[in-house]
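User: I have a new structure open and would like a quick walk through it. Can we take it piece by piece?
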Amino acid sequence: MSHAASPPEPNPFRLASLYAVVFVEIGIAMPFMPVWLNALGLEAGIIGVLLALPIAVKIVATAPLVGLIDRGVGARALLVAGSLALAATYALMPAGAALGWPVLALLIALNAAAGAPLVPSIDYLTLAAVRRSARLDYARIRMAGSIAFLAANLAGGAALGLLGERLAVPLLTTALALVAACVCAGVRLELAATTVPATKVARASLPRILWFTIAAGAAIQASHAALYAFASIHWSLHGFSAPWIGALWAIGVLAEIVLFAGIRLCPASWRTPFRLLGLGAVAGAVRAVGMVFYGDSLGAVLVLQTLHGFSFGATQLGAMAAVSRFAPEGARGRAQGTLSATNALASAGATLMSGLAYGQGGGPLAFGLMAPLAVLGLCLTARAARLARTERLHSAAFVPQHPNTIA
């Protein structure tokens, strides 16, 4: 009797390469696109609109685009198409800017739509691989993205110094997006296809517990908004030098990398969605309150920045664990996209709120308003954990765990 050969073990290095090539492009675009827009001589108000536009597009576009995976569109096909569209729009942006900012705005919107499904699609593939093989570690695979982002930050600053902002940013982003498309097209992933009938796709809905954990993760991640928007300005006003400000952000990313590298050493009972989200919420609240009282002290800020490993890293892992465990078959792509879109919506709202607060009361007021968001995330996490106990749901996601352990 012949038996069909089982598919080979998923390759973690190939998955890590997808994170690396996508995040290295993000590591150039995120910090340096505002610099490029400013180098064009645009008015501050127009720059603000152009920077807000991608957030609005991703809120609307992410869930539907990633949800295409549930309807038979391959995640790798989304990655290749999205990266090619990114490269095309980046390449056209200098010409669009020459024609006028409305044309540039259209290209930026198309660029945001192209990039919206990239990271959620890689998360989808990685979580599928981790569910299939207990030997794989989501955190260490995802760590490749953080390392690539940090390297791009450092290399991008040097490139801007050599080539100038107007040339370096569109050149680097276009080239890196093309590299990402080539890598995504060439990487073969040994994942068994999951066929879900169209009727089941139409019926599949996200369970309440997943909505609670998505909302919790979004609230905690939104508590970073004031830091991302105003921390550098606040530190500069209090005499921190530019190299120190860069070092402080690098410390945050390094703390995230350390957590991703070492989380598997923690007991399995601490790697559940609820405990990871709870850890992220507590760290986010402490970090926000610490910035209120000690945000002008370099020594204190050095310590507070290490909390990024928990406030961002543990929250990211907890949210991914929740999607992996609680999203039903036939709705996993939609769940991944909904998580990303909800994060973008919450962060956009928190950024607007922190901007108003910063104008009224400076850094302490803006940072202080972030603490309640982290506490809200903690409350939503506790509600989800209670629901899991009530429904006797097993919450292990990344590692084998006893079925009775749910918190």
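This is a predicted model: local features need pLDDT of at least 70, side-chain atom pairs count only at pLDDT 80 or more; totals for chains, interfaces and linings use all residues.
User: What about the overall dimensions, what does the C-alpha trace span?
Analyst: Along the principal axes, the C-alpha trace covers about 70 × 45 × 35 Å.
User: And what is the radius of gyration next to that of a compact globule?
Analyst: The protein has 21 Å. A compact globule of 407 residues would be near 22 Å, so the two agree.
User: What percentage of the residues is buried?
Analyst: Buried residues are 50% of the 407.
User: Of contacts between residues at least 6 apart in sequence, what share joins residues at least 24 apart?
Analyst: That share is 83%.
User: Switching to one residue. Where is Gln-316 found?
Analyst: Gln-316 sits in helix H14, which runs over residues 308–326.
User: Is Gln-316 buried or exposed?
Analyst: Gln-316 is buried, because its relative accessibility is 11% and the cut-off for buried is under 20%.
User: Which residues does Gln-316 touch, leaving out those up to four places away in sequence?
Analyst: Gln-316 touches Asp-123, Tyr-138, Arg-142, Gln-221 and Phe-260.
User: Last topic, charges. How many positive and negative ones are there, and how far apart are their mean positions?
Analyst: There are 25 positive and 12 negative charges, with mean positions 11 Å apart.

Key:
Residues are numbered from 1 along each chain as its sequence is written. Side-chain values use heavy atoms; hydrogens and water are left out. Helices (H or I, at least four residues) and strands (E, at least two) are DSSP runs, numbered from the N terminus. Buried means under 20% relative accessible area, exposed over 50%, partly exposed in between (1.4 Å probe, protein chains only). Contact means heavy atoms within 4.5 Å. The radius of gyration is taken over C-alpha atoms; the globule rule is 2.2 Å times the number of residues to the power 0.38. Lys and Arg count as positive and Asp and Glu as negative; His and the chain ends are not counted. The place of a charge is taken as NZ of Lys, CZ of Arg, CG of Asp or CD of Glu.
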